[in-house]
Amino acid sequence: MARHTVLVVAAGAMWESDALALLDRSPELVLLKRCVDVDDLLGTIAAGQAEIALVGIDTPGLDSDAAARAADAGVRLVAVLPQGHEAAASRASQIGIALTVEDSDLAQLPRLLAERPAPMARHAPVEPVPAEEVEAATPGRVITVWGTGGAPGRSTVAAGLAALLARRGTTVTLVDADPAGGTLGQQLGVLDEVSGLLAVSRLATAGRLEEHWPSAARAVSDRMVVVTGLPRATRWREVPAGVLTALASSAAREGWVVIDAGAGLEGDGDRLTMEALEVADDVLVVATAEPIGLGRLARALVDLADQVAKPARVLVNRQRRSLGASDDEVAGLVQQTSHPLAIHLLPEDRVAVDKALLAATAVTEGAPDSALARALGQVLDALAPELVGRTRPRRGRRRLSS
């Protein structure tokens, strides 16, 4: 009887011991190695020593590139998901893992692994799908950009990613939900005397949000609108509980949603920030690269795990050589203190940011060839690999006043 060789990387997940016991009892499977992380897994795969890899969906470093490298080597990834976790199932699909099993249903593992289909080669020739068909078939997702205190660049990241999504042919709603007061309108040159978020709140109170929320948004381009933020920090109390969730859900039916959330989870307005995190399909945690920023990041990730328990990508912003640590050293330090889905380093690029601010546009529009814009493009590639290569020409912006 042929036996299939299996690798396992669980990142300390509770299901690992049960899975190992099932593999040990199966006559058709043999456990080749328990890998310590995704790098160890990929190294073993590259050596041509395995056919199947069983991975926890929240394993740090597990992304579309890792899935593609496994497929190139003829190895099929099988992801273990938390029971009933729709976001985890969506993530598995997004990064290219077709076969999944819930941690409450591990008994079917031996059958699934033994009957695995042949993997699809990463570079198999395929016919290009028209952009209209891709967009119609892809439901909108909600990305919440959260982070530490100390102005790490959340709004710059949120606006930049939203503009990139629009450039790649999707309809995008950018929501300024910072309870400390919004700045996205000013950054993007939206001359709006009325807060979009407060207008949405009034629509919700009148029972008209689902149908009429677009009236509270302002167009930035032909595919991107912004719901401007609060005029003052004290007015977050005027946004009733559930309004942000209802807005994000309604806007997601039209396309993607990017929410610029507040900092931390301990100050005024934490209810609004918590709602932004809870409604998210993808959470991005932004921090700065200097020691104080990394210390704040460690505490923020603990708070996120305790209060929301959602996997997140970490974006370390303003990374620069003068801080005395290499990219690898910074990423290693973050990895030691947390277990994010991925770590992205964004370079210090003051020239690009200033250029975009002066032009009242997103950095990915005002300085599209800058190092920061390219780094944000790589973040979006990881978040939405299905949109890679769909860049559209930049068009004129719309600037509206109320």
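1. In this predicted model, glutamate 386 and arginine 141 form a salt bridge, with their closest N and O atoms 3.6 Å apart. The two residues are 245 positions apart: glutamate 386 sits in the segment after helix 17 (371–383), and arginine 141 in the loop between helix 6 (131–137) and strand 6 (142–147). Arginine 141 has a relative accessible area of 6%, under the 20% cut-off, so the residue counts as buried. Glutamate 386, at 29%, is partly exposed.

2. This pair also belongs to a network of salt bridges that links Arg141, Asp282 and Glu386. A search of the whole structure gives 11 salt bridges.

3. Another of them joins the side chains of glutamate 210 and arginine 253, at 3.4 Å from N to O. Glutamate 210 is in helix 10 (residues 209–212), while arginine 253 is in the loop between helix 11 (243–252) and strand 10 (256–263). Both residues are exposed.

4. Glutamate 348 and arginine 320 form a salt bridge as well, with the closest N and O atoms 3.7 Å apart. Glutamate 348 lies in the loop between strand 13 (342–347) and helix 15 (350–359), and arginine 320 in the loop between strand 12 (313–319) and helix 14 (327–337), so the bridge ties together parts 28 residues apart in sequence. Glutamate 348 is partly exposed, at 34%, and so is arginine 320, at 27%.

5. Helix 7 (residues 154–167) spans 20 Å between its first and last C-alpha, close to the 20 Å expected. Because 13 of its 14 residues are buried, helix 7 is largely enclosed by the rest of the structure. Glycine 169, which follows helix 7, has a positive phi near 95 degrees.

6. Across the protein chain there are 17 helices and 13 strands, and 52% of the 402 residues are buried.

Terms used: Residues are numbered from 1 along each chain as its sequence is written. This is a predicted model: local features need pLDDT of at least 70, side-chain atom pairs count only at pLDDT 80 or more; totals for chains, interfaces and linings use all residues. Side-chain values use heavy atoms; hydrogens and water are left out. Helices (H or I, at least four residues) and strands (E, at least two) are DSSP runs, numbered from the N terminus. Buried means under 20% relative accessible area, exposed over 50%, partly exposed in between (1.4 Å probe, protein chains only). The expected span of a helix is 1.5 Å times one less than its number of residues. A salt bridge is a side-chain nitrogen of Lys or Arg within 4 Å of a carboxyl oxygen of Asp or Glu.
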